[in-house]
2 protein chains.
Amino acid sequence: MANITKKVSWSSRADESGAAGEGTPLLNGSEQPRLFRQSLDYDNIENQLFLEEERRLSHMGFRCLEISRWVVCGLIGFLTGLIACFIDIVVEKLAGIKYQVVKENIEKFTEVGGLSISLILWALLNCAFVMVGAIIVAFFEPIAAGSGIPQIKCYLNGIKIPRVVRLKTLVVKVCGVICSVVGGLAVGKEGPMIHSGAVVAAGVSQGRSTSLKRDFKVSVLFNHYAFMPATARAGGTMFLGGVLFSLEEGASFWNQMLTWRIFFASMISTFTLNFFLSIYNNKLGQLSSPGLINFGRFEGDTVAYNLYEIPLFIAMGAVGGLLGALFNVLNYWLTIFRIRYVHRPCLQVMEALLVAAVTATVSFTMIYFSNDCQPLDPDHTEEYPLQLFCADGEYNSMATAFFNTPERSVRSLFHNQPGSYNPLTLGLFTLTYFFLACWTYGLAVSAGVFIPSLLIGAAWGRLCGILLTWADPGKYALMGAAAQLGGIVRMTLSLTVIMVEATGNVTYGLPIMLVLMTAKIVGDYFVEGLYDIHIKLQSVPFLHWEAPATSHWLTAREVMSSPVTCLNRVEKVGTIVDTLSNTSTNHNGFPVVAIFVLFSIQPAKLCGLILRSQLIVLLKHKVFVELARSRLTQRKLQLKDFRDAYPRFPPIQSIHVSQDERECMMDLTEFMNPTPYTVPQETSLPRVFKLFRALGLRHLVVVDDENKVIGLVTRKDLARYHLGKHGLEELQLAQT
Amino acid sequence: MANITKKVSWSSRADESGAAGEGTPLLNGSEQPRLFRQSLDYDNIENQLFLEEERRLSHMGFRCLEISRWVVCGLIGFLTGLIACFIDIVVEKLAGIKYQVVKENIEKFTEVGGLSISLILWALLNCAFVMVGAIIVAFFEPIAAGSGIPQIKCYLNGIKIPRVVRLKTLVVKVCGVICSVVGGLAVGKEGPMIHSGAVVAAGVSQGRSTSLKRDFKVSVLFNHYAFMPATARAGGTMFLGGVLFSLEEGASFWNQMLTWRIFFASMISTFTLNFFLSIYNNKLGQLSSPGLINFGRFEGDTVAYNLYEIPLFIAMGAVGGLLGALFNVLNYWLTIFRIRYVHRPCLQVMEALLVAAVTATVSFTMIYFSNDCQPLDPDHTEEYPLQLFCADGEYNSMATAFFNTPERSVRSLFHNQPGSYNPLTLGLFTLTYFFLACWTYGLAVSAGVFIPSLLIGAAWGRLCGILLTWADPGKYALMGAAAQLGGIVRMTLSLTVIMVEATGNVTYGLPIMLVLMTAKIVGDYFVEGLYDIHIKLQSVPFLHWEAPATSHWLTAREVMSSPVTCLNRVEKVGTIVDTLSNTSTNHNGFPVVAIFVLFSIQPAKLCGLILRSQLIVLLKHKVFVELARSRLTQRKLQLKDFRDAYPRFPPIQSIHVSQDERECMMDLTEFMNPTPYTVPQETSLPRVFKLFRALGLRHLVVVDDENKVIGLVTRKDLARYHLGKHGLEELQLAQT
């Protein structure tokens, strides 16, 4: 297993950079894998510049700063709400037009025969949309494929993934998700919404700092924490659930202030969404929708559930866990297949088209051969009831499941009258949709797995409800949906809240929670959650919550990388340029030591830590000691200069340093972080891990008992170890 | 302000120890303040013993350990659910009997005259209950007074408060809260429930480790994290809200595993509660109650609220913030008064009796003089409708507010038909109840402020709703309740969830959140939250979430305590005993150094850190080097020996060390933590703070650039600094 993962990860890497190279020819192909492995640094760089600037700031200044942070959060909330609203409305409109056209066509041909023309029309419409979606993703921004949640999880974990929070990604993601949902694929729009929220948050927080160019700490704050309010975007989708989701998935440590900001952004986002939806529905100012995912309210009876139902729910949770594990395993194999054989953009587009055509064909076939006719209520809630071969005043029940956007199908499964579905219909639907959804996730389209999971679960849940004759099938559909979703993505706390919010009924909180926990436990026995599988397939150095349980005997000495490339406090420019240009090591942080002879292995005493990005800015501004002496009016480098360069530092190759300048010296004292976190070499792995995780570190200097640098622990060194079936195992992560 | 706080804190300390000294004569009075200032150590002691024991544990062992932790969590959940259920049922029963008796009496005397007899009966009944409650609190366990939330907050923050998690405290708390609620005081039972949950959690997690004596890490786990699942008890009260509450108030850092455990305990607790309540209500197995605080379901209209109502809600939030600040300021002065003049147990009991009598009298007077008669619906929901001087078929509306348990009053205010209350009734009720609640909080009875706050807010909120003629008064009552509660306790995230859960309607999430945020912002402008005020009055070294904003220029050198009492790696027993017996310093952690001359100020190289508790165990078992040499079969000290001693280490005075033994040596190498966290002396305060807070440290060793010990930072050193009106201020915390 570990071997496979390793191999795949390698080819994955090569493919991705290859693909990106084709799509974006400006980027240097060889640069790609290197960028991919970078970490983010959430730790504050408290150098002298920072301290001076902080000292200049008055008490009032801090107040303003605080207010501006809230404003930024509000702005993030507003924009994400707007985008969510846009996606929602466009999808509704376009899907409505599509289904209307196909419905009319089907009705025309039902009597005269020749329904194959309707099928072709349907399949062509789907393929057209999916083609657009797949082309923009595959050719312009491959990172926008999929739900984006694994990428955001990695980003919040501190792994730098290139282009994941760019504006271009946002545009492609938004258009892509509209195309794939309207294109009738078995996808949801929630994951991509979360991703686009993260882009907005990153963009607003950085954009502000680079465009207004006067604000002091906003960018600092947001560079460090802030990709978390990011996920407040989830709040556009769901209100409280979004907040919890971002915490459960993202936050490294719980910070009350941060929580409030996320909460605030979430609130603004929900409000914006509500407001614009109310305008769209011509009910200006009547705000009532609790969020975007809304499965209609479960009108609770006085007795929501009975004691004897608890074991049934738990059993459903176990089934959900099993089915979820099956889904994940199938998708894992499929993804490996895709990484090996389907890596050219044109192949990816063709696969997407194939899936779109197959989805339409299968759906049509299922509807065509179904003879589950149900009477049409006068106050029916079906949007596009297809009569097909049913008697007048009846509709085809299979069509309510297939001939609809997935979200509406879920709602129908939850709320339609008992008896609206034939058990056979539900069984067949579950079976086909399960494989369709599994095939779809991982295509080169922008697509989430949230709603499809719910739909699969709701279908078999309702089936269970029907088989237990006495029960309300809608309630069992809800439990099935929770079980299936929990079995696939394996979140508990936030999912419970999301489900409760989506159904508007708190009473079901306890059974939903039970179902989710069971699904998680059963599923975890077989295989990891879907997002974790995809993260693992990218072989990024992802840090979990805790060090593996049996790793206390490992110490920093065994874990660390050594020898370390150190720099002197006053260093020759030539040495720095050479160190930075050395592509074989390509370190990102350099301990600064008192006296150190390069390439000697004699350890020297630690004075500080400096980052590659800081060195590049210093080189760019030519802050050399000799130059400073010659010109008296040398402009002093400000913290602003560093911040302006963020987040796109030029590569070292683009900085020209003349031969004369190579002989100059650079004084790093003022710019380095004088008090980096250190550990002695006997520190155990769990302690190092805890420090890393709790403080969001990127580099941890290992020192001996005389404070001399003997090693450096990075994220990669820690992510290697994991608990396998036979105790602690060491993964071979890519060594670049 | 700072000066006042300081003074008060001093007298507070003296008084508390005095009171405790009287109540519990076994405790040494002078011991008291010292114990009070201890910190908890959440950091793992990774000494050689620990590592050896961990190495012995197989992979299977870890599995079992993991399972046993879940079992412990389940047990905690079960017991807390049981206690919550017990409190709830007993309160309902007793209050029902009381109100029935008084009601019959009032009805008897309404016609014949002589209602003063009814008043006396009512007041006497109240006083009887309150007397019992006050006596057990004041004389037997003063720590059980109040809501217990400030104490639990401190405990989770890492401050050791003596007897806060003892069984005796639990018993007194449970009985006390029943007495005070039945006694008709303006109190709620939620805070005490949270406290009793914490006691259960602490008890179960420790009890297991000391009684079964084979389990390895349960106690380790629970000593470190575990007072957090503690507050999962809140989950007995509310399901998700409880989880969030424990995180918002308690957790130092967000840990996914921990969250799941809390969630699980919460679930079990809710389930237990539901199950037993269904038995009590003779509806075995029909589980539907989402939690204990249940204000009835708000049946959402299709339009929950309108855009123009948002400013109104915000205005209500501001009013709530103002009223909350007023409440807090009044209660602050009252508490200072109490600390100065009402510190004897008998005085405290008398004050409680006075409040009980006044509450009854005021309530009766208000009811008596009210002429707000409302027609009695055939399907009325009032439990004890008082006719008094109303016409037949009518009831006194003021009595629904006063003549009821506070929880039922809140429910009536939320859900009664528009027009059930006269505006004058509501205004008078708000006014009187506000002062009664303010006077009551801080009495020597076990009492929470949660429900009274909601009740005050619901009353003036409903008043607002009535004055805005077009509106649904119930909705405004809900917003008012949220505003008032937010203004007093200043929590946002968890309160929103709690309110949403209690009303069973997600739609109101956004406006509730808005109201809570406004209330918090407005309230924070004037004064801190009620719990924080009470924490400050105890002058405990409470660490907030972040270091004060303007403190980057402070370094570890200025913050640390120095010189530090260090111990040698191999130290003379006499020296250790003397160091531990030195009551003037009374340190709890000692850096272990290579070579060190006691009372010299020459720094020495750090090798480890050892705790007072460890040293005491070593002394108790006489683990001396000379003894070990003389006896060959010296039993090796196990980790178990340390764990068995937890959490009640004997004081140093109780350990007898003979004069011969004083000359022996002790080798600390095996027992000390060989890799304590250290910082260089130039580290800024925020960095130190972050390390402390994120890792739950108790001691942080400050070293120079040669790894020599030059100082020690403790919680007290950090808690001194806070951001006042004029920038950074240094508090003089008690120096013991």
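Which residues of strand 11 of chain A point one way, and which the other way? His699(A), Val701(A) and Val703(A) point one way, while Leu700(A) and Val702(A) point the other way. All are buried, where buried means under 20% relative accessible area, exposed means over 50%, and partly exposed lies in between (1.4 Å probe, protein chains only).

This is a predicted model, in which local features need pLDDT of at least 70, side-chain atom pairs count only at pLDDT 80 or more, and totals for chains, interfaces and linings use all residues. Residues are numbered from 1 along each chain as its sequence is written, chains are lettered from A and ligands numbered from 1 in the order in which they are written, and side-chain values use heavy atoms, with hydrogens and water left out.

Stay with strand 11 of chain A. Strand 11 spans residues 699-703 and is mostly covered. Helices (H or I, at least four residues) and strands (E, at least two) are DSSP runs, numbered from the N terminus. Two strands pair if DSSP finds at least two bridges between them. Strands of a sheet pair through backbone hydrogen bonds, either parallel or antiparallel.

Strand 11 of chain A shows both senses. With strand 10 of chain A (residues 678-680), strand 11 pairs in the parallel sense over three bridges. Here Thr678(A) has Val701(A) as its bridge partner. From strand 10 of chain A, the chain passes through helix 30 (residues 685-695) to strand 11, and this β-α-β crossover is right-handed. That means that, with the strands pointing away from the viewer, the path from the first strand over the helix to the second runs clockwise.

With strand 12 of chain A (residues 709-714), strand 11 pairs in the antiparallel sense over five bridges.

Now look at helix 26 of chain A, residues 612-620. Eight of its nine residues are buried, including Arg612(A), Gln614(A) and Leu619(A). Just after this helix, Lys622(A) takes a positive phi of about 50°.

Turn to chain B. An open sheet of three strands has the order 5-7-8, with mixed pairing. Strand 5 (567-568) and strand 8 (606-611) of chain B stand at the edges, each with a single partner strand, so one side of each has no neighbour in the sheet. Strand 5 and strand 7 (residues 589-593) of chain B pair in the parallel sense over two bridges. Leu567(B) stands opposite Val592(B).
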